[in-house]
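Student: I've never looked at this one before. Could you walk me through how to read it?

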Amino acid sequence: MNEFINFDEISRETWQNLYKTSIAPLTHDELESIRSLNDEISLKDVQDVYLPLVHLLRLYKKNLEDMSFSKGLFLQKIVKTPPLIIGISGSVAVGKSTTARLVQLLLSRAFPKLSVELVTTDGFLYTTDDLKNRGILDRKGFPESYDMERLLAFLYHVKNGEKCEIPIYSHETYDILPDQVQTIDSPDILIVEGINVLQNPQNQMLYISDFYDFSIYVDAEEELIEKWYLERFDSLLKLAKYDTTNFYHQFTKMSTSKVVNLAKETWARVNRINLKEYIEPTRNRAEVILHKSENHYVDKIYLKKF
Ligand SMILES: Nc1ncnc2c1ncn2[C@@H]1O[C@H](COP(=O)(O)OP(=O)(O)OP(=O)(O)O)[C@@H](O)[C@H]1O
Ligand SMILES: CC(C)(CO)[C@@H](O)C(=O)NCCC(=O)O
């Protein structure tokens, strides 16, 4: 069966015209803040792809509010609208965090009075020491390397309007930062980004999928993702050159060909296998699939039919 049987495939040309009339163009300051996010982002993509996406998110938000209101009428009590939780998934290095930060910025603009928070599931990875003790240091990113119970509990507390503290992962130290936390204090919208967002742990009482009101899978051909992974590896190395505390510093002393081989091997042995075995199989759980081609250009969008 076609994997996308349950989706409408929408060309970029069709998508960009869907809600054009109702969206105000971005101001100079807004464009500048997007550029400072990542100066490679195509502003045309923002206008053509991400603004209609944010418009669609408005509909899901309205739906959540209407449902809470109707539930309140039924129960004859005030039911507070829970925060809207958006999941963003896809391969390592496909551009999830860049997409997530962009969506955060555009949602903050669409809803200036609301708080829009962003977390990454990387914070729920076990520490390097824990991974070593479990004998799974070479399985970082695979399902067993995350404390999924803790992620599930976190989503439950956020939906319940409670203040939470979660760990922070650093790509620079390649580990959870000791003694640092990110505080999430009852946001109106929470974006959760990570390779495992659409994976399905369940404890005895809770299903993780119940907590997401909307989800996005960022997709691209494997060869392109590998290329972006190798480029990002190179950027991390440049950042690490003079910083002895950085995990990547050790590789800055190696010859270029050795480093390229190491990065290629890590892609092939770890991230590619994870993509094929555990990440890509969750793709059709998303509400929207953003398909990217060369230079992160979004060429197709898939929207779930029902
Ligand atoms: N829209 C975009 N335009 C241009 N470059 C991009 C875009 N999105 C991502 N990139 C680049 O692609 C690389 C990977 O992006 P990013 O760090 O967002 O990926 P990720 O999926 O969050 O990765 P990870 O899971 O490892 O954290 C980075 O070098 C980033 O600068
Ligand atoms: C932290 C994750 C798992 C996800 O962001 C990834 O970036 C990672 O570190 N993977 C392990 C293999 C590698 O070093 O690329």
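**Reading the binding loop and its surroundings**

Tutor: Let's start from a record: an unreviewed UniProt entry lists Gly-90, Ser-91, Val-92, Ala-93, Val-94, Gly-95, Lys-96 and Ser-97 under "binding site". UniProt positions are given in the numbering used here, feature names are shortened, and annotations may be inferred rather than shown by experiment. This is a predicted model, where local features need pLDDT of at least 70, side-chain atom pairs count only at pLDDT 80 or more, and totals for chains, interfaces and linings use all residues. Residues are numbered from 1 along each chain as its sequence is written, while chains are lettered from A and ligands numbered from 1 in the order in which they are written.

Student: Where is Val-92 found?

Tutor: Helices (H or I, at least four residues) and strands (E, at least two) are DSSP runs, numbered from the N terminus. Val-92 is in the loop between β2 (84-90) and α4, and Val-94 has its place in the loop between β2 and α4 too.

Student: Why does Val-92 count as buried?

Tutor: A residue is buried if 20 or more other C-beta atoms lie within 10 Å of its own, exposed if 12 or fewer, and partly exposed in between, with C-beta atoms placed from the backbone. Val-92 counts as buried because it has 21 C-beta neighbours inside 10 Å. Val-94 is buried as well, because it has 24.

Student: Which residues is Val-94 in contact with, leaving aside neighbours within four places in sequence?

Tutor: Contact is when the C-beta atoms of two residues, placed from the backbone, lie within 7 Å. Val-94 then touches Val-218, Ala-220, Ile-225 and Trp-228.

Student: Which residues surround ligand 2?

Tutor: Near means that a residue's C-beta atom, placed from the backbone, lies within 6 Å of the molecule or strand. Around ligand 2 are Val-92, Asp-122, Lys-140, Gly-141, Ile-195, Thr-266, Val-270 and Asn-271.

Student: And which residues come nearest to ligand 1?

Tutor: Of the 17 around it, Glu-40, Gly-95, Lys-96, Ser-97 and Thr-98 come nearest. The elements giving two or more residues to that shell are α4 (96-110) and α7 (222-240). Helix α7 gives the most, with four residues.

Student: Which residues of α8 are buried?

Tutor: In α8, they are Ala-263, Trp-267, Asn-271, Asn-274, Leu-275 and Ile-279. These buried residues pack against α7.
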